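I am opening a notebook page on this structure.

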Amino acid sequence: MNVRRYLAALSAFLLVPCLAATAQVQDGKIVLEHGNSTIVLEPYAPNILRVTLSLLKDQALAGPGYGIVGTPSAEGWKYEHTDDGDIYTSSRMVVKLGGGGHGAPHKPIQTQVDISKFFGGSTPGANISFSTPEGKPLLHLLGWSQSVPNHKDGNSGILADRRSSDAPFYQVGASFASPDDEHYYGLGQNQQGLLDYRGHQIDCWHDYNASGGPSVCVPFLVTNKGYGVIWDNPSRTTIAPGFNEQTRWTSEVGDRVSFFVIAGKTTDEIYAGYRQLTGATPLLPKAAYGYIQCKQRYRSQAEVMAVAKGYRERHLPLDTIVVDWFYYTKMGQMDFDPTLWPDPAAMNEELHKMGIQTMVSVWPRFVPDSRYYETILKNGWFEHLADGTPTDGLPYDRAGSDIDTTNPDAAKWYWDKIRENILSKGFNSLWADETEPDLPPQGSYFHVGPGTQYYNTYPLFHTAALYDGFRRDTPHRALILSRDAYLGIQRNGVIVWSSDISPTWDTLRRQIPTGLDFTASGIANWSNDTGGWQYLPGEHHPAHPPLLNPSDARDNVGGYDDYPELYTRWFEYASFLPIFRTHGSRNFNEVWSYGHEAEPILEKYLKLRYQILPYIYSLSYHTYETGAPSMRALFMDFPDDPQVTDLRDEYMLGPAFLVAPITEQGATSRKVYLPAGTDWYNYWTNERIKGGQTIAVNAPIDTLPLFVRAGSILPLGEPIESTSQTQKIARLRVYPGADADFTLYDDDGTTYAYEKGEDRVTRLHWDDAAGMLHHTGAKSWTGSDAEVVEVVGK
């Protein structure tokens, strides 16, 4: 018997009916001694409880791990010991230890007794159930494990990743009951094209070489059963949801099982709990929600200026242009090649006058002959091997070693050098590339401990080094583009993107559920490389005639006949993402670079993005206040509609828009499911359609299937070329059919004054029966209501 299978023959009868013989209440925590293990229940809110189980009492009593910043609170919780078990209750949750029910102890049969002489579980069992006060089941812990790595389990080799001075390694895990109708979302970025993870094993760790595209671990799972789970372990973790009526979590290294249960009557209440535990999502600079123009790579100052002038001469919106890698003379030199970048400060000054901000890539890598390598080495600030040697990627990777920003001294030094050498030239924001880190830490060591044990935490520390520096040393809001994530990274002013994806139709299809599960992981500011990052193949001949003629874009797309079509469809979709950013390894990547047939379509959606910018920015404020993401899988808003539990190719952007991208080459129509319980409007035609049905939608190459929920208020702005200009509200478009509320938000867009209430908030309410729009708070438009309010269909 595999010792990790803690529910196998022996585990059930290891349970004891009464766990509370030695129960203690300590500062609101319930501490129970169970055999040689300790179980701790620690509330953080009436709907949030942390559970810790360990064979090491001091670890069971220790605080949560990295990423968690919430404060425990036992207010409103009551403990009771009964003959049927121990019960801990609040107004939102009932937690029961021991007693009857699913997974309760039973008398072992003789076969179990015989097997137990040779094979045993690693821990005493545990039987903990979570429910609402009304009796609705939430979650049921069936068992847990804390086993020494061993040859039987095939994991003994991991002991080589531990120094003699390190604490012992254990493999830890837990198993929960999985009802047949339970569905699972979140868990970071897994680019396999899945939405509901039921019946699919998820490897939760940063893996650049994952089969579908680079993966990112955020161990936060949300279900359709009214709860979410934060798994408090940063080592490589495997989640197996819904197999054999169980969901199993197994982490390579740990000294306890620690997890949080967040109950929510709505999905957004679960995200409010995640926000409370891991931190709020700050407002990014308003420019971040506009258009970010990027390419791999703008090689020179002259090229950057030519692109910027190209947008301004065409009067096209653009807020940010990105300087990607290799502007420097050496990796880690933190300089600008003077032959290609003669005066970056003057460049930025000119761009700022044009209303364009700049983002610049900064890597955590340093080659041995760069100017700072010896300083970092002398201070012991590299990710390193057991003997202190910096970890590198030789012989194939010659880009040097990663600085260890889990060390606070190294983190402060790293920010200071970036500020002195790069931001001092006038750059506004930073692209934190290679934040896995690029050199996987398995078998290496960080300041915080063995890389095997803290495998997934580097992105959190690394972006915090930059964010803390921005907050300390600059007056403007931080903006950091990060390739990877972990619990709580949203509080560091980040955009996370889906890394180096391929320029294919298959990739585009999988980006939709990839993004939906990522934002379902509590991190709202997600984007991807519009068009894909990897180089285009020399030739690609589609199965269907291309919808756009590639002949006048051959200098850019080569023999990829359908790439202008692919890029256009991708661009349409990207204009309705939380962050709109294009990138890729093409010769050119501007909206005029894909042929005369593509250009007007790309311009159409670029301008549309800026038209809905008041809506987008207001959604970002809602996320800051509540933790709820703006890009939403349909299960979040339509939990009672079984048709949407695994609907992978549609999503909501805020409360109004339903987006249904085209991801099939040659397609000029598609089927769209409109969720039940509401009517919908075709955005382009204003046709009103009843929900709860699948319809065929025409989608010529210039049309993104787009619908608006009845009972929506959509603020639309006047045309602008960047967010440096004041954008007035041109229209308040109301889609009748139900009462509606919307908070229209604005502020200076650049500073943190909003945290002190220096903003403009207008509360909008549509009374559908009366056919009237009411508003309170700041006056957000100059004309009369009759001039601004537009009721669709009237």
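By salt bridge I mean a side-chain nitrogen of Lys or Arg within 4 Å of a carboxyl oxygen of Asp or Glu. The model is predicted, so I take local features only at pLDDT of at least 70 and side-chain atom pairs only at pLDDT 80 or more, while totals for chains, interfaces and linings use all residues. I number residues from 1 along each chain as its sequence is written, and side-chain values use heavy atoms, with hydrogens and water left out.

**Salt bridges**

I searched the whole structure and got 44 salt bridges. I looked up Glu 252 and found its partner to be Arg 236, with the closest N and O atoms 3.1 Å apart. This pair links distant parts of the chain, 16 residues apart. Glu 252 sits in strand 16 (residues 246–254), and Arg 236 in the loop between strand 14 (227–231) and strand 15 (237–243). Helices (H or I, at least four residues) and strands (E, at least two) are DSSP runs, numbered from the N terminus.

Next I took Lys 330 and Asp 369, whose side chains meet at 3.6 Å, N to O. For exposure I use relative accessible area: buried is under 20%, exposed over 50%, partly exposed in between (1.4 Å probe, protein chains only). Lys 330 is partly exposed at 32%, whereas Asp 369 is exposed at 52%.

I also noted a salt bridge of 3.5 Å, N to O, between Arg 731 and Glu 790. Arg 731 lies in strand 41 (residues 729–735) and Glu 790 in strand 45 (residues 789–791), 59 residues apart. Both ends are partly exposed: Arg 731 at 36% and Glu 790 at 27%. A network of salt bridges links Lys 412, Asp 416, Arg 419, Arg 472 and Asp 473.

**An annotated span**

An unreviewed UniProt entry gives "domain: DUF5110" for residues 731–773. Such annotations may be inferred rather than shown by experiment. I found the span to be 0% helix and 51% strand, its end C-alpha atoms 13 Å apart.

**His 583**

Is His 583 buried or exposed? I get a relative accessible area of 1%, so His 583 is buried. Its place is the loop between strand 31 (580–582) and helix 13 (599–611).

Which peptide bond is cis at Arg 297? The bond from Gln 296 to Arg 297 is, with omega near 0 degrees. Leu 394 and Pro 395 are also joined by a cis bond, omega about 10 degrees. I then checked phi. His 315, not a glycine, has a positive phi near 55 degrees, and this residue is exposed at 53%. Phe 326 likewise has a positive phi, about 65 degrees, and is partly exposed at 37%.
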